[in-house]
Amino acid sequence: MSRCLFLISKSASPAFNRFYGDLLYTEGRYEEALAAYLKADRGSQTDARAWHGLGRSHVKLRKNREATALFQKSVNAFIRQGQYYGDVTWLLDYAGVLVMP
């Protein structure tokens, strides 16, 4: 049986960088997660999932003002592209909006 080795370039795929950012986030490595999410978006400001991850990481780093702006970018990307990813209820709670069942 032959074995194949696949080399993945961290900068080659936005999906890989989002995944890597999520992994770093779950490990509590928030500063490193920020870098991965930024690579995922590559400055296009159209990747709602990357901006959501950036916002979550900033919350964990207690940078709430920055987090709020990043969540807004995530919502804006969703509106433009229809690709919002994340827990909207959590986002509304974070924004101070009371959500009643």
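**Figure 1. Contacts of Leu70 in the predicted model.** Leaving aside neighbours within four places in sequence, Leu70 is in contact with Trp51, Leu54, Gly55 and His58. The model shown here and in the views that follow is predicted. Leu70 belongs to helix α4, which covers residues 64–81. With a relative accessibility of 11%, Leu70 counts as buried. From Leu70 to His58 the separation is twelve residues in sequence and 8.6 Å in space, C-alpha to C-alpha. Leu70, Trp51 and Leu54 are among the residues of the largest nonpolar core.

**Figure 2. The largest nonpolar core.** Ten residues make up this core: Leu24, Tyr25, Tyr30, Ala33, Leu34, Ala36, Tyr37, Trp51, Leu54 and Leu70. Helices α1, α2 and α3 each supply at least two residues of the core. The most comes from α2, which gives five residues. In soluble globular proteins, nonpolar side chains tend to be buried together.

**Figure 3. Helix α2 and what covers it.** Helix α2 spans residues 30–41, twelve in number. From its first C-alpha to its last it reaches 17 Å, close to the 16 Å expected at 1.5 Å a residue. The buried residues in α2 are Tyr30, Ala33, Leu34, Ala36, Tyr37, Ala40 and Asp41. The cover over these buried residues includes α1 and α3, the latter being residues 48–60. An α-helix has 3.6 residues a turn, so residues three or four places apart point the same way. After α2 comes Arg42, with a positive phi near 55°.

**Figure 4. Phe16 and Tyr20, an aromatic pair in helix α1.** The structure holds two aromatic pairs. In one of them, Phe16 and Tyr20 are stacked, with 6.0 Å from centre to centre and 10° between the planes. Phe16 and Tyr20 are separated by about one helical turn, because they stand four residues apart in helix α1, residues 14–26. Tyr20 has a relative accessibility of 22% and therefore counts as partly exposed.

Figure 5. The rings of Tyr25 and Tyr30 form an edge-to-face aromatic pair, 5.4 Å from centre to centre and with 65° between the planes. Tyr25 has a relative accessibility of 15%, so it counts as buried. Tyr30 is also listed among the buried residues of α2. Both tyrosines are included in the largest nonpolar core. The charged end of Arg56 sits over the ring of Tyr25, at 4.0 Å from the ring centre.

**Figure 6. Asn17 and Thr26, two residues of helix α1.** Asn17 is located in helix α1. Its relative accessible area is 1%, so Asn17 is buried. Asn17 and Ala35 are 18 residues apart in sequence, and their C-alpha atoms are 8.9 Å apart in space. Thr26 is also placed in helix α1. At 62% relative accessibility, Thr26 counts as exposed. Thr26 and Ser57 lie 31 residues apart in sequence, with 9.9 Å between their C-alpha atoms.

**Figure 7. Arg62 in the loop between α3 and α4.** Arg62 lies in the loop that joins these two helices. Its phi is near 60°, a positive value in a residue other than glycine. Arg62 is exposed, with a relative accessible area of 75%.

**Figure 8. The chain as a whole, as context for the close-ups.** The secondary structure of the chain amounts to five helices and zero strands. From the N terminus on, the elements run α-α-α-α-α. The chain has 101 residues, and buried residues make up 29% of them. Among contacts between residues at least 6 apart in sequence, 43% join residues at least 24 apart. The accessible surface of the chain comes to about 6900 Å², and 57% of this surface belongs to carbon and sulfur atoms.

Key. Residues are numbered from 1 along each chain as its sequence is written. This is a predicted model: local features need pLDDT of at least 70, side-chain atom pairs count only at pLDDT 80 or more; totals for chains, interfaces and linings use all residues. Side-chain values use heavy atoms; hydrogens and water are left out. Rings of Phe, Tyr and Trp (its six-membered ring) pair if their centres lie within 6.5 Å; planes under 30 degrees apart count as stacked, over 60 as edge-to-face and the rest as tilted. Buried means under 20% relative accessible area, exposed over 50%, partly exposed in between (1.4 Å probe, protein chains only). A charge sits over a ring if NZ of Lys or CZ of Arg is within 6 Å of the ring centre and within 35 degrees of the ring normal. The expected span of a helix is 1.5 Å times one less than its number of residues. Contact means heavy atoms within 4.5 Å. A nonpolar core is a set of buried Ala, Val, Leu, Ile, Met, Phe, Trp, Tyr and Cys residues joined through side-chain atoms within 4.5 Å. Accessible areas come from the Shrake-Rupley method with a 1.4 Å probe; for residues, only the protein chains shown count as cover.
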